[in-house]
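Please read the following walk through one protein chain alongside its sequence and coordinates.

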Amino acid sequence: MLRCLVPSSGSAAASSPRATRVWGRPLRAVATLGGGGRNAGAVSPARRGRLVPQGHNPTRAEELGELAGGLACALGRREWRLPGGRPGRAPEEPRGEQPASAPVAPRDLLGCPRCQRLLHKPVTLPCGLTVCKRCVESGPARPQARRVNVVLSGLLEKCYPAECRVRRLAGQARSLQRQQQPEAALLRCDQALDLAPRDNSLLLLRAELYLTLKNYEQALQDANAVCQNEPLLTKGHHMKAQALSGLGRSKEVLKEFLYCLALNPECNSVKKEAQKVMCEVFFPASENVHQNLTSPIQSRMLTSRLKAQCSSHENTQPLEEGGSAGGSKNPSEKSDVFRNTNSSVLYFILGLHFEEDKEVLESILPAAPSTGLKRQFPNDLEDVQDLNGPGKIPKKDSSPQRNMTSNIGESPELSIDVTDFECALCMRLLFEPVTTPCGHTFCLKCLERCLDHAPHCPLCKEKLSELLASRNFNITILAEELIFRYLSDELSDRKRIYDEEMTELSNLTRDVPIFVCAMAFPTVPCPLHVFEPRYRLMIRRCMETGTKRFGMCLSAEHAGISEYGCMLEIKDVRTFPDGSSVVDAIGISRFRVLSHRHRDGYNTADIEYLEDEKVEGPAYEELTSLHDSVYQQSVSWFTSLQDHMKEQILSHFGLMPDRESEPQSNPSGPAWSWWILAVLPLERKAQLAILGMISLKERLLAIRRILVIITRKMNSRQELVNSRERNN
């Protein structure tokens, strides 16, 4: 067995440099913390002579913080087999066959991802995640105030009425507690515990209320119940320590504080409280126990030595049991120094090798590890990490409710029908459900159509200007999961209807959306400012179907829309906060309207596309010669324009396209010809007539005649200006 005997001060081993390193401050921590010899009755001269080698000063009370950390570390290893690994590294699970992934239980599906409890007053965040309202309010960064999700709240009330009542009572109790009405809060808490007696969060709340009322016995009873239900819950041990402190049981208070530090070593407030209690337990008559507890450099050295001693004990095999110190063939037979009271790391840290020391420590800490935990880590700390690194015990579940077994019954499956997830706008099953900040849930497409008309909620009329400006229409994840799991057949039918609608809207010859505005030409840019609700819907549908195309026609007095039009393709859409947008489109082809009708407020039409008739032989040679001639005539006309006019034309229509070597390569004709038609100051009737021509020769001749007329007018106007200048 590993010997924990301290050599006497008179021996050669004690006076050697190695003894100074090994048996220095760690082993005389408690024995010399009694005020540097002032409390002579507590530590005998013989003990001081054996535990404090010559040349060393007594340990000061300011080192108690490091000592408390060492105690907590050793206690956590011994009680719960917590590894002292590196920060953020969780213990490994035993390797073996991994069970098949089981389906998520209904209760877990309706659980809050933050507190791991059943959702209470569910609030859907802008990202689509749904959490308890209390979890949102307690978060580090509170988003825009959002109300309870009406659909999910109604579903919870329907499926879990008893537990919802418990949560309401708990919320009322906490509200009364904040209003400093502990008696009324205690009454609500008792009512809730009648429905859920093993609810750890309610037990902790009632214990806190009992502490406020200075009823320490009842507070201790509730805190003890929580510690039994959830041994690794830090808050339970801290509440128990407060109750014990009120009863004046200092040694038990110290034990609970050490439990808290073992579970959460980074809690400085608990560490300071543990230091004060240690002073009260070990040095009740000391005059300097509450002095500055800031750890100096010597205190950090103490910690490193404590960890070094722990590490040496963990990795050392007893030579008497056979085998070398390198390890054992059977890990289960490995010696565990933490289970043996006489060779415990805890005693080794403190240097308590005398009977009176053990009696004090055993009155505070249990001598054997707890056997009440269901989970043990494999190989008894065989893979403990290097303790010289910054040790951090992995945090266990901080929720007091996660593993709670409640008396409230729950059905194995949720009772959900279509009416639970019905859109209030289309009266059908929610498809791509989106929740507004006011808590109402709609289909994404239905909500967007409503916001096209007014930035208000369709039900409560609350302003949704910020939602419209951000366009943050994220799907409500929980609602979508519930619909997919419990209403799969209805969802399939709903999706089939949606796909049929998208297929119908994607048809580019039948029911093509028509924007009735201005004249557009192939290959020519056509920017649009879209602000009317009907056209906002039309543009959005063009983007959703993926066609990104719509027709442009002129309005007709009797027919409604013109006979000919141009198909436009959307290149970019820039949406403004008020919902309007600027659409950058360009013409791609011409069409003739066969029939037209209305759909959701905008025009649609059945169309046929137009292409130029191709010619060959002498007719082609004549067309080529005409093409080159009209192109040069167009360039000369544009060059003769004044500079400010040219700048305006270029900023709106762009540069004039180059002449094409093959005039019949494009089914709609040369790009430059459409550019010049868009630039020329023509009446709409003339533009519409030329747009419907399917003969390139006739279109080029028409452009030539227009250029001749415009040039003559320009020349006559210039001559008139010159004559006036001469007369003046």
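**Cysteines, loops and a helix pair**

Cys-127 is partly exposed, its relative accessible area being 48%, where buried means under 20% relative accessible area, exposed means over 50%, and partly exposed is what lies in between (1.4 Å probe, protein chains only). This is a predicted model, in which local features need pLDDT of at least 70 and side-chain atom pairs count only at pLDDT 80 or more, whereas totals for chains, interfaces and linings use all residues. Residues are numbered from 1 along each chain as its sequence is written, and side-chain values use heavy atoms, with hydrogens and water left out.

How many disulfides does the structure hold? A disulfide is a covalent bond between the sulfur atoms of two cysteines, and it is assigned here to a pair of cysteine sulfur atoms within 2.5 Å. The structure holds 0 disulfides. Cys-446 illustrates this, because its sulfur is 3.8 Å from the closest cysteine sulfur, that of Cys-426, which is too far for a bond. Cys-446 counts as buried, at 15% relative accessibility.

Turning to the overall make-up, the protein has 27 helices and 10 strands, where helices (H or I, at least four residues) and strands (E, at least two) are DSSP runs numbered from the N terminus. Of the 728 residues of the protein, 45% count as buried. Among contacts with a separation of 6 or more, 67% are made by residues 24 or more positions apart, contact being defined as heavy atoms within 4.5 Å.

Asp-511 counts as buried, at 13% relative accessibility, and, once its neighbours within four places in sequence are left aside, its contacts include Arg-597, Arg-599 and Thr-604. Thr-604 itself belongs to strand E10 (residues 602-610) and is buried, with a relative accessible area of 2%. Not counting residues up to four places away in sequence, Thr-604 touches Asp-511, Val-512, Pro-513 and Ile-514 on the one hand, and Ser-595, His-596, Arg-597, His-598 and Arg-599 on the other.

Glu-432, in the loop between helix H17 (355-362) and strand E3 (433-435), has a positive phi of about 55 degrees although it is not a glycine, and it counts as partly exposed at 24% relative accessibility. Lys-548, in the loop between helix H22 (533-545) and strand E7 (549-556), has a phi near 55 degrees, a positive value in a residue other than glycine, and it counts as partly exposed at 36% relative accessibility.

Lys-548 is also among the residues touched by Met-543, together with Ile-570 and Val-573, when residues up to four places away in sequence are not counted. Met-543 lies in helix H22 and is partly exposed, with a relative accessible area of 34%. The C-alpha atoms of Met-543 and Ile-570 are separated by 8.3 Å, while the two residues are 27 residues apart along the chain.

Which residues does Leu-623 contact, leaving aside its neighbours within four places in sequence? They are Val-615, Gln-664, Leu-696, Lys-697 and Leu-700. Leu-623 is found in helix H23 and counts as buried at 5% relative accessibility; its C-alpha atom is separated by 8.0 Å from that of Leu-696, 73 residues apart along the chain.

Helix H23 also takes part in a helix pair. Two packed helices are described by the angle between their axes and the distance between the axes. Helix H23 (residues 618-639) packs with helix H25 (residues 671-679) at an angle of about 40 degrees, with their axes 11 Å apart. That makes H23 oblique to H25, since angles under 35 degrees count as roughly parallel, over 145 as roughly antiparallel, 65 to 115 as roughly perpendicular and the rest as oblique. Axes here are lines fitted to C-alpha atoms, for helices over the stretch in contact, and angles run from 0 to 180 degrees between N-to-C directions. In this pair, His-627, Val-630, Tyr-631, Ser-634, Trp-637 and Phe-638 of H23 meet Trp-672, Trp-675, Ile-676 and Val-679 of H25. The residues of this contact between H23 and H25 divide into 8 nonpolar, 2 polar and no charged, where Ala, Val, Leu, Ile, Met, Phe, Trp, Tyr, Cys and Pro count as nonpolar, Asp, Glu, Lys and Arg as charged, and the others, Gly among them, as polar.
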